[in-house]
Amino acid sequence: MKLWNLLIIGAGPAGLNAAIAAAEHGLDVKVIDEFTKVGGRLLGQLHQEPSGEWWNGIEKADALHQRASHLGVRIECGTSVHDLEQTNFGWKVYTSKGMVETNKLLLATGATEVPQPIPGWTIPGVISIGAAQVMGNVHRVKPGNSCVIIGANVLSIAIANELRLCGIKVKEIIIPPTSELAKDAGNPEKVMESLMRLTHLAPSAILRLAGKLAKFVSPSLATKFYPKSGFKIFDIPIKIKTAAMEIIGDQKVTAVKTVNVKSNGDRIPNSEKTTEVDFVCIAGGLAPLPELAAVSGCSFKYVRELGGHVPIHSEQMKTNVPNLYVAGNITGVESAKVAMAQGRVAGLTIASEIMDNKGDMDTLIDKAMEQVRKVRAEALIQFQPNIPEARDKVYQQFEIDEKIEKPKVSVS
Ligand SMILES: Cc1cc2nc3c(=O)[nH]c(=O)nc-3n(C[C@H](O)[C@H](O)[C@H](O)COP(=O)(O)OP(=O)(O)OC[C@H]3O[C@@H](n4cnc5c(N)ncnc54)[C@H](O)[C@@H]3O)c2cc1C
């Protein structure tokens with residue numbers, strides 16, 4: 001059986017860029033992904049940069065795929081990884097198509113959507129916002145003709161625009177009803193706070209200016225004066241003071257029943273309304289997808305700003321388990337550009353550890369880490385505030401854990 005220098009799980013932007021960086025330094029690299037196509041979540045992305053240039057995820061994925069293939073990286077799609085075993089040479093990785101052996105293992109499994117239960121959410125025609133993105137942008141299938149999106153956040157606004165470009169009428173973006181599970185997503189003031197970071201996405205100069213001015217206003221005041229009819233971004237009304245009460249339909253979705261709410265999410269009596277649609281998207285936010293890291297025995301930390309539980313890792317993308325590395329959204333939810341930059345750091349770190357002659361690898365790794373910080377600071381889509389500070393806490397935890405003497409684990 002072949003022993004790979006590096007096996008990467010996940011052919012998204014992080015995994016592909018790591019493969020490229022490692023292969024450029026002579027490593028024998030294999031990438032496994034359970035999806036049928038290469039590119040991960042990049043495949044669904046389509047948005048305009050402030051420069052006016054379009055970010056076309058399919059083209060970006062294609063370019064990364066071609067570069068990796070050119071360097072001899074072996075990419076296997078349609079294969080799921082379900083277990084990992086540490087060995088004296090590295091790892092045995094168990095997949096739906098058999099076992100693979102590798103010296104170094106990089107987990108680049110990305111993020112997952114957080115479910116948001118709402119009365120009526122099991123009716124056919126209710127889908128997650130990510131599913132709508134994949135149907136429209138990856139498979140070129142319109143999920144329907146008109147929809148309401150429940151959940152006002154950075155992802156739902158970006159994907160609402162993509163659905164609009166697919167020719168779908170997005171009637172409105174509203175919030176979920178207040179509940180233990182909805183947490184901040186059902187509180188207009190908290191939603192306002194997060195949306196105030198997004199006005200740079202607004203296509204109109206007036207709205208962008210309003211966003212800049214809003215920085216001098218508290219979220220509670222901004223919510224108080226937020227019109228019930230909402231503000232439009234990409235011509236889609238964003239109604240943070242309207243909550244979904246119930247999704248209606250028998251065999252199929254036909255409408256959403258909504259109610260106007262106060263700034264704290266309390267319902268305003270007699271303000272119920274029904275909006276007719278043929279599908280509904282629920283946008284409950286994103287969380288890192290770290291199950292394989294958990295199987296590996298890696299330590300975790302809950303970091304709200306990064307989307308949930310993340311494997312503890314260093315800025316060089318090492319975990320506290322030998323020969324195990326992480327990159328991309330598994331380490332915290334951020335944009336594809338950040339994932340790509342992190343992938344390069346991981347690829348270089350691994351190459352440096354495997355190579356006999358390290359040469360000037362440390363300088364390259366330092367430059368790559370600097371690039372991650374730069375891309376993060378300039379990211380168009382920022383899922384949460386204070387990400388750099390949250391990242392620092394994880395790196396500090398890694399350093400603390402490194403100083404603690406670990407019990408010896410016997411490996412096969
Ligand atoms: C639904 C959704 C929509 C998003 N939309 C946007 C957007 O519009 N704009 C934006 O900037 N960011 C978006 N993101 C964030 C996105 O995750 C990042 O932009 C970027 O794609 C992260 O790159 P990555 O390489 O870390 O992970 P991904 O791109 O998610 O790639 C991870 C890959 O790992 C594979 N994988 C996972 N587990 C296994 C396993 N056990 N076995 C085999 N393969 C596995 C997956 O199939 C996937 O292809 C979205 C995320 C999600 C979940």
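Modeller: First, a word we need: contact means heavy atoms within 4.5 Å. Helices (H or I, at least four residues) and strands (E, at least two) are DSSP runs, numbered from the N terminus.

Biologist: Thanks! And what kind of model is this?

Modeller: It is a predicted model, where local features need pLDDT of at least 70 and side-chain atom pairs count only at pLDDT 80 or more, while totals for chains, interfaces and linings use all residues. Residues are numbered from 1 along each chain as its sequence is written, and side-chain values use heavy atoms, leaving out hydrogens and water.

Biologist: Let's start with α1. How many of its residues are buried?

Modeller: Eleven of the twelve residues in α1 are buried, where buried means under 20% relative accessible area with a 1.4 Å probe, protein chains only. Among them are P13, L16, N17 and I20.

Biologist: What do the buried residues of α1 pack against?

Modeller: They pack against the strands β1, β2, β5 (74–76) and β8 (98–107), and against the helices α2 and α9.

Biologist: How does α1 sit beside α2?

Modeller: The two helices pack with their axes 9 Å apart, at an angle of about 30°. Axes are lines fitted to C-alpha atoms, for helices over the stretch in contact, with angles from 0 to 180 degrees between N-to-C directions. That makes α1 roughly parallel to α2, a label for angles under 35 degrees, while over 145 is roughly antiparallel.

Biologist: Which residues meet there?

Modeller: On the α1 side there are P13, L16, N17, I20 and E24, and they meet A61, L64, H65, R67 and A68 in α2.

Biologist: And what about α1 with α9, how do their axes cross?

Modeller: Those axes come within 7 Å and cross at roughly 35°. Residues making the contact include A14, A18 and A22 of α1, and M340, R344 and L348 of α9.

Biologist: Tell me about α9 itself. How far does it reach?

Modeller: From its first C-alpha to its last, α9 reaches 27 Å over 19 residues, close to the 27 Å expected; the expected span is 1.5 Å times one less than the number of residues. It is mostly covered, with 15 of its 19 residues buried.

Biologist: How do α9 and α10 run, parallel or antiparallel?

Modeller: Their axes come within 9 Å and cross at roughly 165°, and therefore α9 and α10 are roughly antiparallel to each other. The residues that meet include V338, V345 and L348 in α9 and L364, A368 and V372 in α10.

Biologist: New topic: which residues touch the most other members in the largest nonpolar core?

Modeller: That core has 46 residues, and L6, I8, V29, V31, V73 and L106 touch the most other members. A nonpolar core is a set of buried Ala, Val, Leu, Ile, Met, Phe, Trp, Tyr and Cys residues joined through side-chain atoms within 4.5 Å. Among the elements giving two or more residues are β1 (3–9), α1 (13–24) and α2 (57–70). The most comes from α9, with ten residues. Another core lies apart from this one, with 39 residues, including I168, F234, V261 and C281.

Biologist: What is I8 in contact with?

Modeller: Leaving aside neighbours within four places in sequence, its contacts include G15, A18, V29, V31 and L106.

Biologist: Last one: is S156 buried or exposed?

Modeller: S156 has 0% relative accessibility, so it counts as buried. S156 lies in helix α4 (residues 154–165), and it touches I129, I149, G151, I173 and A283, not counting residues up to four places away in sequence.

Notes. Buried means under 20% relative accessible area, exposed over 50%, partly exposed in between (1.4 Å probe, protein chains only). Angles under 35 degrees count as roughly parallel, over 145 as roughly antiparallel, 65 to 115 as roughly perpendicular and the rest as oblique.
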